[in-house]
Amino acid sequence: ALSSSYALGAALGCTPVRKSAMKGNVPICAPGGKGMAFPLFESEHLWGDALRATLYIIALLYLFLGVNVVADKFVNSIEVITSKKKRVRDKASGRLVTVAVWNGTIANLSLLALGSSAPEILLSIVEIVGGGFHAGALGPGTIVGSAAFNLFVIIAVCIAAIPSPEIRKIEKNAVFAVTAVFSLLAYTWLVLIVQVISPERVEIWEAITTLAFMVLLLVLSYKADVGSWPFNARQNQASEYKPKDDVEARGPDDVPWQQEAINSGTWLQDHAAAHLEWQQNDQGEACDPNMLRDEHGKPLGGKAGVFSFADDTWEVVAGFDQRWVTVPLYRYNSWEGPVSCKYRTEPHSAMPDYDYIETEGELQFGSGISEAAIYVQLLPKRLGEHSDQFRIVVEDAEGGVIFNPYCDGGAERCILTVTVLNEHDMLAAQSCGLRLGRCCDAAFNIDSIRRGFADWRSDLVSAVYDVAGDEAKEPSKLDWVLHLVSVPW
């Protein structure tokens, strides 16, 4: 669908695609010539070609700088949208798992592709509209050239950037095949609609068909990603895990539940009785109930052990004061040798600096150590504020230890969803105004709105006062020049 925006713009006028980019027969740079923006003055043709070329190149580079700034913000905004996550119930295991709201393939082919291609798409639209829906000197080349650059140059750079002897493998071959076929078909289709079916014209039905191809590309790519018909069915997360060497899988409910009251948090005990079933394996042999096991009762993990939280959810209570919560991470089955992992907090409805203090770090487990603590600071909750959630993500395990593949996060990480309750909910329930405020907070997330405005203000202040990009670095003269030049953007 490389020419969708161009074809749609041309189809609106249903007029010939090619027209000279001159005013009548007068070149833009000659006396009497006029483009969309230049010349700015009627007397510019008297300045000399060398001077005008130099000024136009400087203006072009300055516009490129503006496009870079705006496109960077645009892509960052799209990445924020596509990074949103939610908790859904897995059909296979019945557990609540954290998944991305946007399918990764659909996000790449739609929003992220739009963000990265926005400059040339807008350039094509501006030329089409400004030229009375006639293609100018650029014409379809704005889109085709960008696609060709991506197809040849970008792929070549990505391949050449891989250091030897490292390798990279295509993770989703079916999606790659679909996008590769559509990339080649898009070029063929563009030639057909411009040169064969209706030479020098783009008809309305051709533009609509081009957009339909884009929808078809998204549908087929999504089906290839999730493994639905006509592609092979993709296994669920639990069955995707394949143990390596002596690493074993375990059942979804095989977690030794422990009851602890830590600071203001308490482990939930919803399924305590379920773990009594894991005291025997499938041969009826006695098993240690504190070990993580697979569905056959075999221990999970190698000599380094298994990282896991005691549950996928955790509830804590916040009040008018700041509080610290200690969240334990357990190392099950074996404790031989030193191991480590990294942790970080991730917002959901709870906002950093408003509901909790964002934190990250690394946990070190020495030989024989089976438990380490993650400390999170909770901020005061207002009277009538709704409960919120954030996540603690543990990843990047080192030393041979693995993550519990059947807990939230799968074999690549452990995810704990923390719910921050308001201890004054009963008091707020006695006031109609506080109940209304609580409902509004649940619907609109007031802290999220406050953080959004704070981020906008911070960006504006940073754009004006942040010269070197690093507060600890003393800005050089070149930094000051570049900063002053780019401030208007």
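A polar contact is a pair of N or O atoms within 3.5 Å, where within protein one atom must be able to donate a hydrogen and the other to accept it, and where residues adjacent in sequence count only if both atoms are side-chain atoms. The structure discussed here is a predicted model, in which local features need pLDDT of at least 70 and side-chain atom pairs count only at pLDDT 80 or more, while totals for chains, interfaces and linings use all residues. Residues are numbered from 1 along each chain as its sequence is written, and side-chain values use heavy atoms, with hydrogens and water left out.

**Helix α3**

- Helices (H or I, at least four residues) and strands (E, at least two) are DSSP runs numbered from the N terminus, and α3 covers residues 104–130.
- Buried means under 20% relative accessible area, exposed over 50% and partly exposed in between (1.4 Å probe, protein chains only), and the buried residues of α3 include I106, L111, S117, E120, E127 and I128.
- Just after α3, G132 adopts a positive phi of about 65°.

- In strand β6 (residues 313–318), W314, V316 and A318 make up the covered face, whereas T313, E315 and V317 make up the uncovered one.
- Strand β13 (residues 414–422) pairs with β6 in the parallel sense over six bridges, where pairing requires that DSSP finds at least two bridges between two strands.
- Within this pairing, L421 in β13 stands opposite V317.

- T98, which is found in strand β2 (residues 96–100), counts as buried at 15% relative accessibility.
- Apart from neighbours within four places in sequence, T98 is in contact (heavy atoms within 4.5 Å) with K85, K86, R87, R391, D408, I415 and T417.
- The side chains of T98 and D408 are joined by a polar contact of 2.6 Å.
- Although T98 and G410 are 312 residues apart in sequence, their C-alpha atoms are 9.8 Å apart in space.

**Salt bridges**

- A salt bridge is a side-chain nitrogen of Lys or Arg within 4 Å of a carboxyl oxygen of Asp or Glu, and a search of the whole structure finds 22 of them.
- E166 and R168 form a salt bridge with the closest N and O atoms 3.2 Å apart; E166 is partly exposed, with a relative accessible area of 44%, and R168 is exposed at 54%.
- In the salt bridge between K381 and D355, the closest N and O atoms are 3.6 Å apart.
- Because K381 lies in the loop between β10 (371–378) and β11 (388–398) and D355 in the loop between β8 (339–347) and β9 (360–365), the pair ties together parts 26 residues apart in sequence.
- Both partners count as buried, K381 at 3% relative accessibility and D355 at 2%.
- K381 also forms a salt bridge with D388, the closest N and O atoms being 2.9 Å apart, and D388 is buried too.
- Elsewhere, salt bridges that share partners join K85, R344, E346, R391, E395, E412 and R413 into one network.

Definitions and conventions. The expected span of a helix is 1.5 Å times one less than its number of residues.
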